[in-house]
Amino acid sequence: MSFSGLLQLGFSTVIFLLAATAAKQWGLAPSLGKIALTLALYSLGNLIMLRLIREFGMSVSFSLSAVIQLVSVNVVALIFFGERVNALQATGIMLAIAAVALITLGPYLQGRL
């Protein structure tokens, strides 16, 4: 992945984090402005993802985005919103991270093993 692609991936992650935060704020106190902001941010994030799909393919773009978002959204939910997960949920999150990492890195590692 090129440096430009990594920047786009990072930017989309920030946008999706802002969208998730806006969605949480809407969930706490619904308003038309909050839902409009949430939809606009998710739309912008998806437009960036379309560029990544064109450049790197669907499987790589969505897999990398999924694992980065999974980790970052959980960090925000746990640290900033004080949410808690039980041991079973934490195990599921860790398995999901491992699964996406294997899917993403599998083709690269398979040729080297």
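Biologist: Hi! Which residues of helix 2 meet helix 3?

Modeller: On the helix 2 side they are M49, L52, I53 and F56, and they meet M58, V60, S61, F62 and S65 in helix 3. Keep in mind that this is a predicted model.

Biologist: Thanks. How do the residues of that contact divide into nonpolar, polar and charged?

Modeller: The contact of helix 2 with helix 3 has 7 nonpolar residues, 2 polar ones and no charged ones.

Biologist: And at what angle do the two axes cross?

Modeller: At roughly 135°, with the axes of helix 2 (residues 32-56) and helix 3 coming within 7 Å. Helix 2 and helix 3 are therefore oblique to each other.

Biologist: Let me step back a bit. How many helices and strands are there in the chain?

Modeller: The chain has 4 helices and 0 strands. Starting at the N terminus, the order of elements is α-α-α-α.

Biologist: What does the C-alpha trace span along its principal axes?

Modeller: About 50 × 35 × 20 Å.

Biologist: Now helix 1. How does helix 1 pack with helix 2?

Modeller: Their axes are 8 Å apart and the angle is about 160°. That angle makes helix 1 roughly antiparallel to helix 2.

Biologist: Is the crossing of helix 1 and helix 2 left-handed or right-handed?

Modeller: Helix 1 and helix 2 cross in a left-handed way. By class, their contact holds 19 nonpolar, 7 polar and 3 charged residues.

Biologist: What about helix 1 and helix 3, at what angle do they pack?

Modeller: Helix 1 (residues 3-28) and helix 3 (residues 58-79) pack at about 40°, and their axes are 10 Å apart. Helix 1 is oblique to helix 3 because of that angle. Their crossing is right-handed.

Biologist: Which residues make that contact?

Modeller: Helix 1 brings L9, T13, F16, L17, A20 and T21, while helix 3 brings L64, S65, I68, Q69, S72, V73 and V76. Sorted by class, the residues of this contact are 8 nonpolar and 5 polar, with no charged ones.

Biologist: Switching to charges: how many salt bridges does the structure hold?

Modeller: The structure holds 1 salt bridge. K24 pairs with E83, and the closest N and O atoms are 2.8 Å apart.

Biologist: Where in the chain do K24 and E83 sit?

Modeller: K24 is in helix 1, and E83 is in the loop between helix 3 and helix 4 (87-110). The pair links distant parts of the chain, 59 residues apart.

Biologist: Last topic: which residues does UniProt list for "transmembrane region"?

Modeller: The unreviewed UniProt entry lists residues 32-53, 60-81 and 87-109 under that heading.

Biologist: How much of residues 32-53 is helix, and how much is strand?

Modeller: Residues 32-53 are 100% helix and 0% strand, with the end C-alpha atoms 31 Å apart.

Biologist: And how far apart are the end C-alpha atoms of residues 87-109?

Modeller: For residues 87-109 they are 30 Å apart, and the chain there is 100% helix and 0% strand.

Methods
Residues are numbered from 1 along each chain as its sequence is written. This is a predicted model: local features need pLDDT of at least 70, side-chain atom pairs count only at pLDDT 80 or more; totals for chains, interfaces and linings use all residues. Side-chain values use heavy atoms; hydrogens and water are left out. UniProt positions are given in the numbering used here, feature names are shortened, and annotations may be inferred rather than shown by experiment. Helices (H or I, at least four residues) and strands (E, at least two) are DSSP runs, numbered from the N terminus. Axes are lines fitted to C-alpha atoms, for helices over the stretch in contact, and angles run from 0 to 180 degrees between N-to-C directions. Angles under 35 degrees count as roughly parallel, over 145 as roughly antiparallel, 65 to 115 as roughly perpendicular and the rest as oblique. A crossing is left-handed if the near helix is turned anticlockwise from the far one by less than a right angle, and right-handed if clockwise. Contact means heavy atoms within 4.5 Å. Ala, Val, Leu, Ile, Met, Phe, Trp, Tyr, Cys and Pro count as nonpolar, Asp, Glu, Lys and Arg as charged, and the others, Gly among them, as polar. A salt bridge is a side-chain nitrogen of Lys or Arg within 4 Å of a carboxyl oxygen of Asp or Glu.
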